[in-house]
Structures are given as C-alpha cells and as structure tokens.
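Visitor: Please show me the model. I have some questions about how its parts pack and where space is left.

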Amino acid sequence: MLVLLFNYKIRVFNQVSKRLFGCIFMVAALWSHVLNAQTNVQLETLKIQGVEGAVAQNVSGFLQPFLKRRFSVADHAIARKDVESALQAFGYYNSKIALTLTDHQQTLQVDIAVQERLKWNAIDIEVLMRSEPDPFIDELVLNVPIKLDEPVRHDLYQKTKAQLESALLARGYFDFRWIDSQLRVNKKRQQASVVLRIEAGVRYRFGGIVMNTDVKAKTYIRQLAPFQHNAFYQADLLSDFNLSLNATPYFSAIKVYPLLKERENGLVPIRVDVYEKPANSYEVGGGYSTDLGARGRFKWSKPWVSEQGHFIESNLSLSEQQQDITASYTIPVSNPNDDVWRVLGGYQFQDQVTDNVETKIWNIQLQRQWLTNDDWVRTAFIKREHQTTQRGVTVDNLPQVKTEMLLPGVSYAKKHSKGGALPYWGNEQLFSVEVASKELISSTSLVKVNWKNAWLRSYKARHLFFARVDLGAIIADEIEAVPFNMRFFAGGDQSIRGFAYQSVAPRDEQGELLGGKYMVTSAAEYNYQFLPNWRAAVFIDAGAVDNKALSDWSVGGGFGIRYITPIGPIRLDHAWGLSKASKSTRLSIVIGPEI
C-alpha cells in the first residue's frame, strides 16, 4: 500500500515538474525574444529642445557617436556628461538636462533648461620677452578673440592660444614655451577667468640661403629674397619670396622653408628647393567672350636662353574676329621680374571688331621695366607701329588708310590683391603717356594719356563691392589723322555692359564709327554670395566718348550670376542699354576675377 502511494506521488510530481519546466522554458524563450528585440533597436534621431543655433549644433555634434547603435542604460550617464561639455563650451555651466528615449527607443530627446551664461570677468595674458618688446605681439595681446564681460566660449579660448603660438612662430620665436595656461571657472560665483603666460625666448634672425649646387638661377634667387642676412625672421617674407620665385619664368615648382633643426647662434637657415622648367615649354588654352567670340591660345616659352638668364616667350591668340601673334626677348638686369630690358614684336588682324572696320597692325618696341621705391612697375618704351585700316569693308574698292607711328612713352602700374585667383580685396592703378611727332617718322603729332583705377572690397565674406574708373584723352589736331587703334571707344564686357563692343563713340556723316579724343567710363557692382560657389550680382555702368565736351552719356545696368571656380569666377551678365532708345539687352560672359 505504501509502495503504491509512493509511486503515485512520484508520477504526479513528474507530471507537475514537466509542466513547470515547460512554462519556465516558454517564459525564458519569450524574455529572450524581448531582449533580442530591444538589442536590435538602434538610435536613429536626436531631438534637442531648450537651445538653438550654434549651441544646439554643438550638443548634436557631441551626441553623434550614439546614433546607429543601441542606446544602453550605461549610455545615459555618458551622454549626459557629453551634453554638459557641449553646453559648457558656450558658457552654460549650470544647466538642467533630461534624457528620454521615445519613438520605440529610436529617438533620444534632450530637454535642456539653461541658466545664466558665464562671462569673462578676468583675462590675464602675458608674453615674456627675453630682449626688447615686439610691438606686433603687444598689439596681438590687446586684440585677442576673448574679451572682458563677453560670454565664455571655449573655442575662442583655444583660438587665443593658437593665435599666440602662431604669431610667435611667424615672428621667429621658435623656442617659446608655456608657463601657465588655465581656464578657471567658479560655478557658485558664476565667474570665469583666463590665465595665459608664455615665455617667448630668443627671436631668431635670417641665416643663409641654402640651395642645390646645380641650380642655374642661384644669383637671381638671392636677389629676389625680400630679407637681408641677420634681419629678424618673419614668415610672411618667406611667402613673398615664394611668390616672387613663382613669378619668374625659370621654375615649375618652388618650396621655401626654414631649417629649424639647424638653427643656432640666433640664426635660422632658409632652404630653397626649385624644380626647373624644361628647355622648351608649351601651353594651350581657350575661352570665350561675347566681345570677340570663341578664343584659342598657344604659348611657347624658352626659359633659359643664355647663362645670364635671358628668356623668350611667344603667343598666338585666335578668335572669331581677332588674331594676334607676339614674341618677346627679355634680358634681366638685377632680377627677372621687375628689372629687365625687353624687345617685343607682334602682328594683329581685326576683322570688323568695330563695325565695318578692318585693321592690320604690326609693331616692334623696346622696353625698359623696373620697380620704383613706391612699388610702381615703371615701363619706359619706344614703339614703331604700322597700321592699315579699311572702313566699310563690305563695299568693294574702298581706299585703305595707312599710318606710320614712332611712339615713345612711359607707363606706371600698381596692383595689390588678396585672395589669389578669387580676390576679396584689391587695388589696381594704371597711368600711361604716349607721344608722337610728324618730324620723327609719324603720320601725325599727338599726345595720348590714359588713367585707370579699380577697387575691390568685401564685407563679412558674403558681400563684395567692385568699382572702376577709366579716363583717357588725346591731344591732336584732327581725330581722322590719329591711327584707328589709338582712338577711344567704349562698350562691351569690360566697359559699358548693355552696349556692343566699341560701339560707343562719335560717328562720321555716313554713320560710321569714327572714335573719340576723350573718354570716361565707370562701373559699380555689388555681389552677394548665397551659396558656397555662387554669387548674385547687380551693376550699373556709365561712360562717354567724344571729340568735344563729354555730354552724351551712355548708361547700362543689369544683373548677373557668378560661379566660383579655382581659376576665378565665371561671370554671366544680362545688361540693358538704359540710355538707348531701344532699351535692348546683351548677354556677356567673362572668365576671371574683377582685378
């Protein structure tokens, strides 16, 4: 009896155990499924509330590493610290932060309640000089990015440190060291201060120029150096040196840098690595302008003709209405950029560039070019020119007019710009005088004067302003005796937009363009950059050409678009001839910077 009862209890226990284990297994499987489902949920989006603008962007930037993966319980504490750091970078040191997972744990909602923003209440910056003060460094310390009573920003603190370090390196303080650099914050008092102390050490001077022994142009390289041996080191002078070497015809690549590891006795040597151009080099290019149509160009140059660095250049330029071929032989005096003798010759054919006028011109001239103490490029020249002009070329058997001129003259030019192929600041000036006399070969006596000035300025990167003035005058008895290519005309892409190329000028009794003795043109333009590579432009141009008083003014205006490329902007303009009775419009395309 006891045995039967015991066996019965065992069978009951076995049945209950099986059912219990089955339930446990089912619960475990279900819980495992839930856990796996939660594990596979990724954080997809961030929702930041309570701050905006740069602060919100900074918070979002700190939280980006949490996206595209599961946001765990441990991540809450890490993310909170990251949000605190993002807010403190903008001076918010006492903020309330709440993190919540929403949208089935795919969105992290960050609720921020910021309190008063900390401001700089003390700024202590000191640069310790070993010798005499450096006014440049003193000025920099007075104008660092961080200012008293302005909101705390960690990026401006780091920028201040970087500016001090960069300035010291650029001024030759290669042994500088930080004594103290602290950003101090007192949350209870709501105060922040900066302590920056840096020891500048010795200021190094320029040592010798080091080159390879096989460089042909060693003499010119040394002459182009804008610094003297033992002068105080300045990094911007090395940049000027590099630009000057690049402007010479001899090198395909240049690298100029200080040999810091070899500095000693207060001197740092300057290394110049150059790669010489081949004995003959060739360039092929092209373009388009609405004045002359499609254009192609071929250039041949021989950069090293003799041991003295003489060089040859020739250019062939072909467009639909104008063909040019020129050649020059240049003899350097002290340097090949700004102090040279040059012999030039050329031929030009214009096929009705000006309405119903065909011209053929050849000339040869001797130039002497050098740089003045005020950085003007002065060019004295004497030019021998022969011109054949035929007007009304659509009519058969019309006579040709031939002129012979001997033209001594001088020009002064100066151009400064910042920004390379995409300048944001610039000044350009040109003044020239040419004279001729009947007593010396020339067909007529005359004096021709031309003055041009252009300005380019920018404001807050997006706003660009351009202005130009061009004045000219010819002193001669009769305009008909002046060679056609020396007379003044206006109109076209680079003059008065909205008017055809060289269409603004006095006309003769048959209505043919005659050209003028006096000219004035001007332009004003505003550009706004609305995308990284795009600018919108509005402009107005005005000018007059006459043989008496300048009374009949031509005015053009319109709008345009600029596409910014590494070689300069592509400028597309739609202009109206506002002073024309027809108010007709013209489209103009120009590639290249304003200055």
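Visitor: At what angle do helix α2 and helix α3 pack?

Guide: This is a predicted model, where local features need pLDDT of at least 70, side-chain atom pairs count only at pLDDT 80 or more, and totals for chains, interfaces and linings use all residues. Residues are numbered from 1 along each chain as its sequence is written, and side-chain values use heavy atoms, with hydrogens and water left out. Helix α2 covers residues 53-63 and helix α3 residues 73-88; helices (H or I, at least four residues) and strands (E, at least two) are DSSP runs numbered from the N terminus. Axes are lines fitted to C-alpha atoms, for helices over the stretch in contact, with angles from 0 to 180 degrees between N-to-C directions; here the axes lie 9 Å apart and the angle is about 145°.

Visitor: How do the residues of the contact of α2 with α3 divide by class?

Guide: Contact means heavy atoms within 4.5 Å. Helix α2 brings Val55, Asn58, Val59, Phe62 and Leu63, and α3 brings Ala79, Asp82, Val83, Ser85, Ala86 and Leu87. Ala, Val, Leu, Ile, Met, Phe, Trp, Tyr, Cys and Pro count as nonpolar, Asp, Glu, Lys and Arg as charged, and the others, Gly among them, as polar. The division is eight nonpolar, two polar and one charged.

Visitor: Is Leu101 buried, partly exposed or exposed?

Guide: Leu101 sits in strand β2, residues 95-102. Beyond neighbours within four places in sequence, Leu101 contacts Leu43, Phe71, His76, Thr107 and Leu108. Buried means under 20% relative accessible area, exposed over 50%, partly exposed in between (1.4 Å probe, protein chains only). At a relative accessible area of 24%, Leu101 is therefore partly exposed.

Visitor: Which element gives the most to the lining of the largest cavity?

Guide: On a 1 Å grid over the protein atoms alone, a cavity is a set of points where a 1.4 Å probe fits but cannot get out, a pocket is an open set with protein on both sides within 12 Å along at least five of seven lines, and lining residues have an atom within 4 Å of a point. The largest cavity has a volume of about 50 Å³, volume being the space filled by probe spheres set on the points, which are joined across faces, edges and corners. β24 (568-577) and β25 (585-591) are the elements that give two or more residues. With three residues, the top contributor is β25.

Visitor: Which element supplies the largest share of the lining of the second largest pocket?

Guide: The second largest pocket holds about 720 Å³ of space. Of its 20 lining residues, the closest to its centre are Asp240, Leu243, Ser244, Asn337 and Asp338. The largest share is five residues, from α7.
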